[in-house]
Amino acid sequence: MPAIEVRGVSKRFRSRGPLFRRRTEGPRETVALDRVDLEIGTGEFVGLLGQNGAGKSTLIRVMTGLMVPDAGEVRVLGLDPNRDQVRNARNIGVTFGQRTQLWWDLRARDSFEILRDMYGLPAATYTRRMRELDDFLGLSAFWDTQARHLSLGQRVRCDLAAAVLHRPVLLFLDEPTIGLDILVKDQVRAMLADLAGTGDHAIVLTTHDVADVEALCPRIVLIDRGRTLFDGTLADLTGIGGGRRTVVVELAGGRAAPEVRMPGVRLLELDGARATYALEPGVSQARFAARVLAADEVRAIDFEGVRLEDVLRSIYAGDHRALNAQRPAASPAASPAARPSAPTPP
Ligand SMILES: Nc1ncnc2c1ncn2[C@@H]1O[C@H](COP(=O)(O)OP(=O)(O)OP(=O)(O)O)[C@@H](O)[C@H]1O
């Protein structure tokens, strides 16, 4: 049984629109989700991506039981997340980037003690888990601070720890690293990679931080205007540009970059001593480097793979051609053999 099953889920919102609208204008309707299908297995770490307003948070709300879809079915470990809210709550952990589940007027440690009692965790288990979480997230430094006085980074770390304290099978993370500094982001990523490494959890991460996704998510689900535009591996998605790589060559002594005449090699940009070339799939990097090195004295050659950010930028800008050509025949969830493996810690 998959950990999460979403079948034909649709959700529309009706709003009255602007305060001073014309009499002829009826209520506005937004299609947030349009017949979405999704299966996620235990052990998977899925990046749920899409532009602002694509429907990601709505899908997370539906999967966590916070919102009832207009049509379709959702099963989370076999339960209807809305009807079986109490049982479902034991199976899931949720973070919503900007909101906290800590008690605002209490010290951070008090919130954790309340959660311990709510989940009925034995004292020894609680102490061990808090120690593990402290090792990753450095919580004890602000343990005695009232939640309302925690900095954003401190609060987000506490929220993440609170979401995983009861070791839920499913973890829904909505923008877990928003506004965090580089070091705190690394702490959060390391903790998530460690959780994923156990293979005991299904984790859904919604984020606009492409680096989070590259570091953590072997599988990507891309939502566009409420529909699934792509469901496949990170490698499939970054391969969408045809696997084209770029190379930046810089010559010593500030001399102009060489012209490289090779099939499948194209000069993209020339900026004094720096030249950027595109290498089509199949062009050998070694042969290209040999050509360049033979031509002149080279200061640096920098090969770059296809970046997820560039692929998303072109898809968000409306270029779906390559995506349609590359769309996998079946979702990874439907074919266990195609399922990507767990990430390695950053
Ligand atoms: N409670 C609501 N009432 C009316 N419209 C809503 C409501 N919640 C979401 N929407 C609309 O549904 C669409 C999807 O919103 P959603 O929050 O799911 O997008 P998102 O992909 O999470 O966006 P973002 O990346 O900006 O957080 C948007 O057009 C949004 O305006």
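Gly-47 stands opposite Leu-205 in β7. This pairing belongs to a predicted model, in which strand β3 (residues 45-49) and β7 run parallel and are joined by four bridges.

- Strand β7 comprises residues 202-206, and five of its five residues are buried.
- Ala-202, Val-204 and Thr-206 point one way from β7, while Ile-203 and Leu-205 point the other way.
- In general, side chains in a regular strand alternate between the two faces of the sheet.
- Strand β6 (residues 170-174) is also parallel to β7, and five bridges join the two strands.
- Within this pairing, Leu-173 stands opposite Leu-205 in β7.
- Between β6 and β7 the chain passes through helix α6 (residues 182-197), forming a right-handed β-α-β crossover.

- Three strands form an open sheet in the order β2-β1-β4, with antiparallel pairing.
- The edges are taken by β2 (28-40) and β4 (71-76); each has a single partner strand, so one side of each is left without a neighbour in the sheet.
- On average, neighbouring strands of this sheet are turned by 30° against each other, direction ignored.
- Nine bridges connect strand β1 (residues 4-15) with β2 in the antiparallel sense.
- Phe-13 stands opposite Thr-30 in β2.
- Helix α1 (residues 56-64) lies across β1, β2 and β4, and runs at about 120° to β1.
- Eight of the nine residues of α1 are buried, leaving the helix mostly covered.
- The buried residues of α1 include Leu-59, Ile-60, Val-62 and Met-63, as well as Lys-56 and Arg-61.

**Surroundings of the ligand**

- The residues around the ligand include Phe-13, Ser-15, Thr-30 and Ala-32.
- Also among them are Gly-50, Asn-52, Gly-53, Ala-54 and Gly-55, together with Lys-56, Ser-57 and Thr-58.
- At least two residues of this shell are supplied by each of β1, β2 and α1.
- Helix α1 provides the largest share of the shell, three residues.
- Sorted by class, the shell has three nonpolar, eight polar and one charged residues.
- Phe-13 and Thr-30 are both among the residues around the ligand, and Phe-13 also stands opposite Thr-30 in the strand pairing.
- Lys-56 and Thr-58 are likewise among the residues around the ligand, and both are listed among the buried residues of α1.

- Strand β10 (residues 245-251) pairs with strand β12 (residues 274-279) in the antiparallel sense over six bridges.
- Arg-245 stands opposite Leu-279 in β12.

**Residues with a positive phi**

- Most residues other than glycine have a negative phi.
- Leu-77 is not a glycine, yet has a positive phi of about 50°.
- Leu-77 lies in the loop between β4 and α2 (85-91).
- Leu-77 is buried because 21 other C-beta atoms lie within 10 Å, and the cut-off for a buried residue is 20 or more.
- Arg-225, also not a glycine, has a positive phi of about 45°.
- The loop between β8 (219-224) and β9 (227-233) contains Arg-225.
- Arg-225 counts as partly exposed because it has 15 C-beta neighbours inside 10 Å.

**Val-164 and its contacts**

- Val-164 is placed in helix α5 (residues 152-164).
- With 22 C-beta neighbours inside 10 Å, Val-164 counts as buried.
- Leaving aside neighbours within four places in sequence, Val-164 is in contact with Gly-93, Leu-171 and Leu-195.
- Val-164 and Leu-195 are 31 residues apart in sequence, and their C-alpha atoms are 9.2 Å apart in space.

Methods:
Residues numbered from 1 in each chain as written. Predicted model: local features only at pLDDT ≥ 70, side-chain atom pairs only at ≥ 80, totals over all residues. Pairing = 2+ DSSP bridges. Axes fitted to C-alpha atoms, helices over the stretch in contact; angles between N-to-C directions. Contact = placed C-beta atoms within 7 Å. Near = placed C-beta within 6 Å. Nonpolar A, V, L, I, M, F, W, Y, C, P; charged D, E, K, R; others polar. Buried ≥ 20, exposed ≤ 12 C-beta atoms within 10 Å, placed from the backbone. Right-handed = clockwise from strand over helix to strand, strands pointing away.
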